[in-house]
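Hi everyone, thanks for making time today. Please have a look at it first.

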Amino acid sequence: MLCAISGEPPQEPVVSKISGAVFEKRLIDKYIEENGKDPVTGEDISPEDLIVVKSSSVVRPRPPTLTSIPALLTTFQNEWDALALETYNLKEQLTRTREELATSLYQHDAAVRVIARLTRERDEARDALSKVTVSAGDPSNGDAMAIDSEGLPEELAAKVDETQARLSKSRKKRPVPEGWATAQDVSSFQVGTSNSLPVPQTTTLTVQGGYASIAGLEGNVAIYSVEADKLERELNIEEPVTGATWAGAKVIFATAKGSVKIFDSGKEVASFSDHAGAVTGLSVHPSHDLLATVGSDKSFIFYDLVNLQRVTRVYTNSALTTCAFHPDGHIFAVGTSSGEIKLLMAKTGEEAKSFSLGAPGAPVQAIEFSENGYWFAAAAAGQTTVTIIDLRKDGDAARVKVLDTGSAVRGLAWDYSQQFLAVAGADGVTVQHYAKSAKSWSELVRAAVGGGAAISVKWGEGASKLVAVNKDGVVSVLAPPAAA
């Protein structure tokens, strides 16, 4: 009785109901699993069609070839030859695999080089585009490149003039409002309340009418009531927020993807995507009818907030990092990545003056105009100093004062009376006091907030409070002990 597959006596014989042939059970089971047919007839078969044949177990004798030392040596030689052949095959396979890997790495390196070259060419093209200057020419020239006008429309230009005339008329003799915080009040400031808001990787803080808007790189926005010390509303911008400001009841956000989004009563009412790169700063004109944004694409854009539309774009020769309108609205200041501050005419976009912070290569971090319209404070990224600049002077003579805060400056905020300059930095919040009668500066407050560092600080109503936020979304309110 021999197995129909192996031709040897089976150890576990079974008989097929289909063909009647005898098989070794392990062999026929494997064949059925792979083919599902009887090896003899080719008909369909299943394991249930096999009948086990009971027989006495037989001890298989050793093959006669393994009963002598020469036979064993021959067997060992054959096994060694097979092992050597397998090793050779493995070495060949390893060599082929190495060649394939080297080819793949070469192709990957070539692809990376092509991508780097294309990226460099793109950046060069963008840089060349940003340096293009366009002058008035024959409008019939069909080859002329179409760009936006550099000047504001007549209606908005008239609004700029009207706002300047109205606000500058009484600015020189404007008294400090009654009930405004005194130097003694501010010197007693301490952290009264601290609240952690759901805004991871916080980047910006803006305050209006007792409410603070806090936003971060994950697109989360929290509207926080300073008086009630509670979270009033949450928004989701769905893009990394790089800046924010209030315009009346509207809150406006700038994003790292080049978008500008305007919200009113918690709903998005307008969205613009005009910048080719990140929007790095934004500022609202004192009339609240005009919005300015600056970006890494070396341009600044003005928007009409009444009709919710873009009205002009102007390219400069450097990436822009921050911006601010003069309190009268006729001057627009921009900070550059090279550490220069340019003062531009709001109506035409023409450069009127420029100042340097004396930190070559350090981008301008913040610009803040004082309410009297003569001074502005500015700081460069990574620097511990704040420079006070007089608009009426030029060159080094324009630097009224250089204040060293002791830590890297992240944000600035003048109060309405121009007595107090709040600075947010790596060590927390400091308040510098300017005594007009003595023409001297002094430090009134130095406080750690939200674990020490602060990324932005704003004054509350009447300079009675300071609102600061850190990168983890912890909002701290500083006030005199009685008001805390």
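Let's begin with Lys25, which counts as partly exposed at 30% relative accessibility; here buried means under 20% relative accessible area, exposed over 50%, and partly exposed in between, with a 1.4 Å probe and protein chains only. Before I go on, this is a predicted model, where local features need pLDDT of at least 70 and side-chain atom pairs count only at pLDDT 80 or more, while totals for chains, interfaces and linings use all residues. Residues are numbered from 1 along each chain as its sequence is written, and side-chain values use heavy atoms, with hydrogens and water left out.

So who is the partner of Lys25 in a salt bridge? That is Asp29, with the closest N and O atoms 2.9 Å apart; a salt bridge means a side-chain nitrogen of Lys or Arg within 4 Å of a carboxyl oxygen of Asp or Glu. Both residues sit in helix H1, 4 residues apart, about one turn of the helix. Helices (H or I, at least four residues) and strands (E, at least two) are DSSP runs, numbered from the N terminus. Asp29 is partly exposed too, at 27%.

How many salt bridges does this rule give? The count comes to 16. Asp44 pairs with Lys37 at 3.0 Å between the closest N and O atoms; Asp44 is exposed, at 55%, whereas Lys37 is partly exposed, at 36%. Arg446 and Glu443 meet at 2.9 Å, N to O, with Arg446 partly exposed at 44% and Glu443 partly exposed at 38%. There is also a network linking Glu340, Lys342 and Glu351.

Now to the inside. In soluble globular proteins, nonpolar side chains tend to be buried together. The largest nonpolar core here has 20 residues, a core being a set of buried Ala, Val, Leu, Ile, Met, Phe, Trp, Tyr and Cys residues joined through side-chain atoms within 4.5 Å. Val186, Val431, Val457, Trp459 and Leu466 touch the most other members. Strands S26 (420-425), S27 (428-435), S28 (440-447), S29 (456-459) and S30 (466-469) each supply at least two residues of this core, and the largest share, 3 residues, comes from S26. Leaving aside neighbours within four places in sequence, Val457 is in contact (heavy atoms within 4.5 Å) with residues including Leu205, Gly411, Ala422 and Leu466.

Last stop, Ser46: it lies in the loop between helix H1 (25-35) and strand S3 (50-52). The C-alpha atoms of Ser46 and Pro153 are separated by 88 Å. Thanks, everyone!
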